[in-house]
Amino acid sequence: MYENGNLKPDTNKRRGKRRMLLFLICAAVLLSPAAAVSADIGPKPSVQITFTGMEGEEYYGTLLSLYDSTGPARVWDGDDRNARYEEGEYEIWKAFAEYKDADGFYFLQEWWHCSENQELKWLYWPPSTYKILLYFPGRDAFYVSPVYTMYAFDSYYTVDLSGLADNPVLTAEKCYDYTWEMISLAVRILLAVLLELAVALFFGYREKRQLIFLAAVNVLTQITLNVWLNYVNYISGEMMFGFAYILGELIVLVLEAALYCALIGRFSKTPQRRGKAVCCAALANVLSFFAGYWLAENIPGIF
C-alpha cells in the first residue's frame, strides 16, 4: 500500500474517486426539487397582512389561490382523509371549504385566527396570485378582496376593516418592511457562515486566514443568491423562482468549490488537497439544507 513512505498512485486515485462520489451525492441531495422547495438557509416567499379597525370581534382569514396548490398547501379533494384541520376547527374549515369564489379561486386549507393578533402571515410558499378572504363566524359572513399578486419576495400589506359596513370589499395597501427584511437577511447570512466554519473545522481548516477566507466566500455567495432570488421572484413570480432556486444553489455549490480549490492554498501554511476543499463545500451546502428545513419549521418568519 505504501511506496517510499507515500501512498501508491492507485490508492490516491481511489481516494480521489471517493471524494468525487461524495461530491456528486451531496450535489444530488442539494439540488433535488424536493429539497430545493423545503430547505436551505435561504429566503422563502411570504405574504404578511396586518389588519386594523376590527379589535374585539372574532374573525379568520386565508388567501384564495389562482391555482389549486402551492408548495405543500392544496385544495381539498373531497376525501375526508385529506381534510386539514385540528380538533375544534372543523366548523371554520368547513366554512372556508364550502366558500365559492366568483372567479374560481381556491381555498388551499391554510387559514389563520386573525383576530388573535390582527395578522395573517403566510410564511411558507404562499400563492403568487391571490385574494384575501375573511370569515366572521359571529356574523356568518365573508369579505373578499380583489385579486393581488406578490409585488416583492416578501409582500407586506395593511387592511383597514373599520369601514366594512359601508364597503364590504377588502382593500389592501402595500407597506414593505425594509427593516425586518434587512434583519432577516443578516441572520440568514450569519447562520450560513457559522455552519460553513463548523464544517471547515471538521475538515481541519483551523488557521485564522483560512477561516476568514471561507467566511468571506460564504458571505459573498449568500448575498448574491438572496439578491438574485428576490429579483427573480419580483419580476417573474413563483414558478420561475423554483427553477431559479435550483439553478442558484447549483451555481453557489460550484462557485464555492472552485474558489476553495483555487485559493485555499494561498491562505494556508501547508499544501492543501483540492479534493478536501470540494468535499468541504459540498457537505456545508447539504447541511445548510437540513438546518434550513428545521429553522423554516420553527422560525418561519426568518426562513
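Colleague: How many aromatic pairs does a search of the whole structure find?

Modeller: This is a predicted model, and the rings were paired by the distance between their centres, with 6.5 Å as the cut-off. Searched in this way over the whole structure, the model gives a total of 20 aromatic pairs.

Colleague: Is the pair of F213 and F267 stacked or edge-to-face?

Modeller: The ring centres of F213 and F267 lie 4.7 Å apart, and their planes meet at 15°. Planes under 30 degrees apart count as stacked, so the pair of F213 and F267 is stacked.

Colleague: Which parts does this pair tie together, and how many residues apart in sequence are they?

Modeller: F213 belongs to helix α5, which covers residues 208-236, whereas F267 sits in the loop between α6 (238-263) and α7 (274-298). The pair therefore ties together a helix and a loop, and the separation in sequence is 54 residues.

Colleague: Where is the pLDDT below 50?

Modeller: The mean pLDDT of the chain is 81, with 77% of the residues at 70 or more. Where pLDDT is low, the predicted coordinates should not be read in detail. Values below 50 occur over residues 1-8 and over residues 29-40.

Definitions and conventions
Residues are numbered from 1 along each chain as its sequence is written. This is a predicted model: local features need pLDDT of at least 70, side-chain atom pairs count only at pLDDT 80 or more; totals for chains, interfaces and linings use all residues. Side-chain values use heavy atoms; hydrogens and water are left out. pLDDT is the predictor's confidence in each residue, from 0 to 100. Contact means heavy atoms within 4.5 Å. Rings of Phe, Tyr and Trp (its six-membered ring) pair if their centres lie within 6.5 Å; planes under 30 degrees apart count as stacked, over 60 as edge-to-face and the rest as tilted. Helices (H or I, at least four residues) and strands (E, at least two) are DSSP runs, numbered from the N terminus.
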